[in-house]
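Thanks for coming. I have one structure to go through today, so please look at the sequence and the model on the screen.

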Amino acid sequence: MKTLFSLLFLLVASTAFSQKSDWKEMHDFHGVISKTFHPAEEGNLQPVKDSSAALLSAAKKWQSSKVPAGYDAEVASPILKKLVTDCEEVGKAVKANQSDEELKKLITRTHDTFHEIMEKCREQKH
């Protein structure tokens with residue numbers, strides 16, 4: 001019985017993951033944010049400076065993409081709008097030669113918004 005339950009759990013989990021893993025634009029954005037945010041955590045803000053335009057482009061593409069099954073478009077839409085605004089602010093700060101401290105604050109907020117989308121836009125099955 002325990003084995004049957006474990007197999008059932010794995011089947012449900014893998015099905016849920018496959019439904020949610022097909023949002024290409026989300027994964028594209030993740031690729032850019034991970035290359036900018038994680039170095040910033042360590043004090044290296046150069047990737048943020050070099051990739052702020054790519055970050056904004058990826059956010060806009062994600063915002064304009066079709067929301068796939070397994071995600072709640074009504075929840076995702078306003079958070080994606082916020083993400084684009086966050087990315088615009090990062091770009092403006094880079095152009096204005098803001099301090100590394102300010103850039104780190106902005107890229108951290110952008111990263112937090114990314115995770116907010118990941119956590120809140122998944123459809124809840126009851």
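A word on terms before the counts: helices here are DSSP runs of H or I with at least four residues, strands are runs of E with at least two, and both are numbered from the N terminus. By that rule, the protein chain has five helices and zero strands. Reading from the N terminus, the order is α-α-α-α-α. Please keep in mind that this is a predicted model.

Some totals for the chain. There are 126 residues, and 33% of them are buried. As for contacts between residues at least 6 apart in sequence, 76% of them join residues at least 24 apart.

Now to one pair of helices. How do α2 and α3 pack? Helix α2 covers residues 24–41 and helix α3 covers residues 46–64; the angle between them is about 155°, and their axes are 9 Å apart. Angles over 145 degrees count as roughly antiparallel, so α2 is roughly antiparallel to α3. The crossing of these two helices is left-handed.

Which residues of α2 and α3 meet? On the α2 side they are Glu 25, Met 26, Phe 29, Val 32, Ile 33, Lys 35, Thr 36, Pro 39 and Ala 40. On the α3 side they are Pro 47, Val 48, Ser 51, Ala 54, Leu 55, Ala 58, Ala 59, Lys 61 and Trp 62. Sorted by class, this contact has 13 nonpolar, two polar and three charged residues.

Staying with α2, I want to pick out Ser 34, which lies in that helix. Is Ser 34 buried, partly exposed or exposed? The cut-off for buried is under 20% relative accessible area, and exposed means over 50%. Ser 34 has 22% relative accessibility, so it counts as partly exposed. Ser 34 and His 111 are 77 residues apart along the chain, and their C-alpha atoms are separated by 8.5 Å.

The last item is a loop residue. Asn 97 is in the loop between α4, residues 73–95, and α5, residues 100–120. Asn 97 counts as exposed because its relative accessibility is 69%.

That is what I have; I will take comments now.

Key: Residues numbered from 1 in each chain as written. Predicted model: local features only at pLDDT ≥ 70, side-chain atom pairs only at ≥ 80, totals over all residues. Heavy atoms only, no water. Axes fitted to C-alpha atoms, helices over the stretch in contact; angles between N-to-C directions. Parallel < 35°, antiparallel > 145°, perpendicular 65-115°, else oblique. Left-handed = near helix turned anticlockwise from the far one by under 90°. Contact = heavy atoms within 4.5 Å. Nonpolar A, V, L, I, M, F, W, Y, C, P; charged D, E, K, R; others polar. Buried < 20%, exposed > 50% of the residue type's maximum accessible area, 1.4 Å probe, protein only.
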